[in-house]
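This report looks at how the chains of one model are arranged and how they meet. Please keep the sequence and the structure in view while reading.

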Protein chains: 2
Amino acid sequence: MTKYFTEEQSVSTVNARMGVDISPRLREVMSCLVKHLHEFAKEIELTQEEWDFGIDFVTQTGQLCSEERQEFILLSDVLGFSMLIDAINNRRPAGATENTVLGPFHVASAPIREMSANISLDGKGESCLYEGRVLDLYGAPIEGACVDVWSDNIDGFYDVQQPGLQPKWNNRGRFITGSEGFYRFVGIKPVSYPIPDDGPVGKLLDSLGRHPYRPAHMHFLVTAPGHKKIVTHIFVGEDHYINDDAVFGVKQTLVAPFEYVEGETEWRCPFDFVMVAETSAGKDSD
Amino acid sequence: MTKYFTEEQSVSTVNARMGVDISPRLREVMSCLVKHLHEFAKEIELTQEEWDFGIDFVTQTGQLCSEERQEFILLSDVLGFSMLIDAINNRRPAGATENTVLGPFHVASAPIREMSANISLDGKGESCLYEGRVLDLYGAPIEGACVDVWSDNIDGFYDVQQPGLQPKWNNRGRFITGSEGFYRFVGIKPVSYPIPDDGPVGKLLDSLGRHPYRPAHMHFLVTAPGHKKIVTHIFVGEDHYINDDAVFGVKQTLVAPFEYVEGETEWRCPFDFVMVAETSAGKDSD
């Protein structure tokens with residue numbers, strides 16, 4: 001083996017350069033990254049022009065990032081990478097509620113509301129009663145669980161996207177379960193909306209013949225002492241985009257029934273959350 | 001197979017989303033990229049915190065890019081990715097001069113100088129006579145070849161890095177070969193220098209136990225009608241960093257003799273360039 005760079009031994013040459021006293025995990029991650037990056041280039045014989053294009057693409061992606069926008073997370077999302085990381089880090093036993101991506105619109109410390117409160121403050125959209133229980137894997141109710149919820153409004157925007165146009169905390173709230181583990185609130189039946197598509201990621205989607213839409217969903221972040229948090233959505237099963245979410249967030253178990261009812265609300269969405277104990281086996285990031 | 005995202009079928013789910021009427025090459029490149037990205041995350045079970053770190057790293061890298069600095073190219077360089085792309089796109093028959101990276105300091109349209117001219121305009125450093133011939137694969141001289149050369153000065157900086165401090169076109173020039181294919185000029189024996197290491201890439205190198213230095217080298221860009229261009233360096237073989245160039249640019253055939261001579265210059269570096277005809281087989285980006 002020559003001590004210098006060759007196409008054939010590019011991976012071992014680069015990885016052999018790492019020092020001896022570095023973090024073992026960093027060595028593992030970087031070795032694997034270099035291996036796959038190089039294998040990618042070799043497998044498709046990436047041209048110099050394609051490399052130029054790629055450098056320009058990631059540069060533009062980085063330059064669009066700001067306090068208000070994270071184009072690299074968007075890129076990770078549309079390549080299914082964010083969902084993959086979520087899946088790897090949140091493997092759960094059968095019966096437990098599955099995770100999906102957090103998304104960029106969660107706001108910590110939303111108001112804690114009385115059970116059955118209406119979180120739709122702009123009065124727009126079709127009303128929907130969300131209710132169910134927070135349970136453990138054995139069916140026992142979890143008291144004191146925090147059910148943090150948020151959705152877009154009828155125009156497809158979250159309150160934080162329209163600070164002057166929507167009431168503060170529109171379609172957001174936190175609910176604390178009682179002894180029987182019940183939660184219950186009124187929101188709207190959410191609508192599908194496009195992810196920001198006026199940047200490099202939008203151009204990429206367009207080149208790939210893909211649309212930027214997410215199927216309608218209500219976000220849930222469920223936490224309880226002694227249990228692994230659940231970050232998930234409930235999806236409207238009849239949504240036009242249910243089979244091709246731009247960020248691959250849909251899972252079979254998260255497609256919920258939205259029942260048309262003629263009562264105080266137009267719709268009803270029953271859904272139970274099943275939490276896994278902290279002490280349970282399985283990789284989790286928390 | 002479920003129609004929704006699963007950890008096991010993440011690659012096929014993402015790649016199946018591409019439209020039917022897109023560029024076949026784009027489909028090939030993106031499919032391969034998604035496959036390797038996902039395999040990377042699965043192989044090392046990338047954690048959520050490591051993903052956060054990665055998003056932050058590429059964001060910082062993009063935000064440091066400007067007209068004067070390209071941190072993503074630097075990242076590509078230190079991961080051996082730039083050299084790999086160069087290698088894939090410039091495979092040449094035995095005997096032909098090998099390529100290496102162009103680097104960020106080439107300036108088009110440097111002055112065309114008389115043969116034997118001295119390009120060191122600041123008078124600093126140890127003088128060195130560079131001479132040799134530009135030949136084809138069969139040993140025939142190439143007349144009218146343009147030998148475009150550039151190096152750092154004795155302080156390790158290129159003229160464009162020190163616009164007020166160095167004379168314009170210091171250590172740069174172009175030379176046109178005559179009927180025998182000879183080139184000849186006086187420069188300095190170059191010195192090793194660090195790549196910019198005050199950004200994310202510098203921090204990465206530090207975490208990996210790697211230094212940011214490049215071994216001393218003279219850049220050459222050799223072009224001639226009917227021949228594939230050569231983008232290369234000649235390296236000073238005795239350099240302290242010759243075995244661990246931060247960007248993996250060194251190749252065995254590019255390590256040149258620098259002979260100490262007692263003549264009009266202190267050093268002499270003889271080197272012949274061997275060009276491949278445009279019509280020759282082999283992938284090339286030009």
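## Terms and basis

A salt bridge is counted here when a side-chain nitrogen of Lys or Arg lies within 4 Å of a carboxyl oxygen of Asp or Glu. The model is predicted, and local features need pLDDT of at least 70, side-chain atom pairs count only at pLDDT 80 or more, and totals for chains, interfaces and linings use all residues. Residues are numbered from 1 along each chain as its sequence is written, chains are lettered from A and ligands numbered from 1 in the order in which they are written, and side-chain values use heavy atoms, with hydrogens and water left out.

## Domains of chain A

Chain A is divided into domain 1, residues 1-46, and domain 2, residues 77-275, with bounds that come from an automatic or database domain assignment. The centres of these two domains of chain A, taken over C-alpha atoms, are separated by 41 Å.

## The interface

Where chain B meets chain A, 77 residues of chain B are in contact with 77 residues of chain A, contact meaning heavy atoms within 4.5 Å. The area buried between chain B and chain A is about 7200 Å², and carbon and sulfur atoms give 64% of that area; buried area is the accessible area (1.4 Å probe) that two parts lose on being put together, summed over both. In chain B, the residues that lose the most area to chain A are B:Y4, B:F5 and B:R17, which together account for 11% of what that side buries.

Side chains of opposite charge can pair when their charged atoms come close. One such salt bridge joins B:E50 and A:R25, at 2.7 Å from N to O; this pair crosses between chains, from helix 3 of chain B to helix 2 (residues 24-44) of chain A, helices being DSSP runs (H or I, at least four residues) numbered from the N terminus. A:E50 likewise forms a salt bridge with B:R25, with the closest N and O atoms 2.7 Å apart.

## Symmetry

Chain B can be laid on chain A with an RMSD of 0.0 Å by a turn of 180° and a shift of 0.0 Å along the axis, which is the relation of a two-fold axis. The superposition is by least squares on the C-alpha atoms of residues with pLDDT of at least 70 in both copies. In chain B, the C-alpha nearest the axis belongs to B:G62, at 2.0 Å from it. Of the interface residues of chain B, 100% are also interface residues in chain A, so the copies meet through the same surface.

Notes: Helix = DSSP H or I, 4+ residues; strand = E, 2+ residues; numbered from the N terminus.
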